[in-house]
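Hi,

Here is the structure I promised to pass on. My notes follow below it.

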Amino acid sequence: MSDHHPTGFTRWLYTTNHKDIGSMYLWFSFIMFLIGGAMAMVIRAELYQPGLQFVDPNFFNQMTTMHGLIMVFGAVMPSMVGLANWLIPMMIGAPDMALPRMNNWSFWILPFAFTLLLSSLFMEGGAPNFGWTFYAPLSTTFGPPSTDFFILGVHMMGISSIMGAINVIVTVFNMRAPGMTLMKMPLFVWTWLITAFLLIMVMPVLAGTVTMMLTDRHFGTSFFDAAGGGDPVMFQHIFWFFGHPEVYIMILPAFGVVSEIIPTFSRKKLFGYSSMVYATASIALLSFIVWAHHMFAVGMPVAGELFFMIATMLIAVPTGVKVFNWVATMWQGALTFETPMLFSIAFVILFTIGGFSGVMLAMAPVDFQYHDTYFVVAHFHYVLFPGAIFGTTAAVYYWLPKWAGKMYNETAGKIHFWLSMIFVNLTFFPMHFSGLAGMPRRIPDYNMMFADFNMWASIGAFGLGLTQVYFLVIVLLTLKNGKTAEQKQWEGASGLEWDAMPSPAPYHTFSTPPKID
């Protein structure tokens, strides 16, 4: 009996191959990235100058809500799962992920979840308009009818994330090659293993939150309704208990990516491997005890504010260890500045800027001034765009020769990097100043005094959006016409001096186990 290998769409629908599933995650996340980016363009077009110009204020609120939800749950998280699927089996010498059918299912849930979410734009009352943090009672008492579709979409996305996380944990613990001890694993595998535990711990909290929302809306409970004995501030506590570890779920795999790339192009071993592992674990543990720094303005007891302030500042220590180790790895290395290295260096510099503004926001008395201003928007976009997005972009440039057997155009990659670098700073740096001057976030109109900063931010945002379309063109041209990658595409000390594949991996192939010393 001959092996049956489906082709065309059925190959992708039924595939249990980790490479195929990784590719589907990456393409899906990029499509969601462009959709979420288009929504950001609507936001920035409206804010280009004072006065209401393009969209109705209610639609503006729908765009801010959908942009946040799609970027966090549709773009950043699936891109990291895509990298995990492609790389973890190859890095630990496993033939595939441990639970391949569940792997396929965890992906195919996502297009339906986000179709459900996006369909709310066409419903009576429009899409959810209460911000991506969906605070009660805005979402429970006053949310549009489409809120129920949003709740179901979030549930489906959470199921997908939990299944992906279980798969990573089982694969790493059960399928490592002989001799591949935990402390020999590449750092990308470590960061993802820790991320997987975070996902399993916090996604059920999000599921509980949206279930309580659902029962408040339709079944007569009053978890978040003060009139029935509930507490809307409790919503914030539960949401941020999920929401703060979630921030690290988005950034930790990018830490792992950068920890693979910097040693390669520095031609040195990573400085302080074990301290990087312990720092990553420390960040994950501390992320559970800092959630209320998002809530300094709700009227907590002073003792509570002090605790969360100090805990938040403490989380800067392991993060600082990681930055020190990346810089120490580059120190006196034989550096070359190929595109993945440029994105990684920019990651370290700009993520550090985002970290510094985070330390400012950690100070409770100061946060009363910054809270819900554009300073907060600047802070988390500096962490997420140059952090998670640059990290994923660096990974694509670094591993594309491995994935496709084709080499991208280095000049085009560097142009993409410099345009991204210019526009990401032009977009988000002015927001620090408009926030410090008092401009509130999530508003479609604003005082004349903020006009210049908003104009520059909008120009930068449109440049940044077009630059990412250019990135899509680079990837497509590489896949179609790229030169065949060399046998050893990158020479370095990252632990993966891998051979490039001569051609895209066929449906039924397994990964090649790495050689273990």
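First, the ground rules. This is a predicted model, where local features need pLDDT of at least 70, side-chain atom pairs count only at pLDDT 80 or more, and totals for chains, interfaces and linings use all residues. Residues are numbered from 1 along each chain as its sequence is written, and side-chain values use heavy atoms, without hydrogens and water.

Overall fold: the protein chain has 15 helices and two strands (DSSP runs: H or I, at least four residues; E, at least two). Of its 517 residues, 59% are buried (under 20% relative accessible area; exposed is over 50%, partly exposed in between; 1.4 Å probe, protein chains only).

Now the salt bridges. The structure holds three (a side-chain nitrogen of Lys or Arg within 4 Å of a carboxyl oxygen of Asp or Glu).

- Arg 11 pairs with Asp 20, with the closest N and O atoms 2.8 Å apart. Asp 20 is buried, at 4% relative accessible area.
- Asp 148 meets Arg 217 at 2.9 Å, N to O. Asp 148 lies in helix 5 and Arg 217 in helix 6, so the pair ties together parts 69 residues apart in sequence. Arg 217 is buried, at 19%.
- Asp 372 pairs with Arg 441, with the closest N and O atoms 3.5 Å apart. Asp 372 is partly exposed, at 37%, whereas Arg 441 is buried, at 16%.

Best wishes
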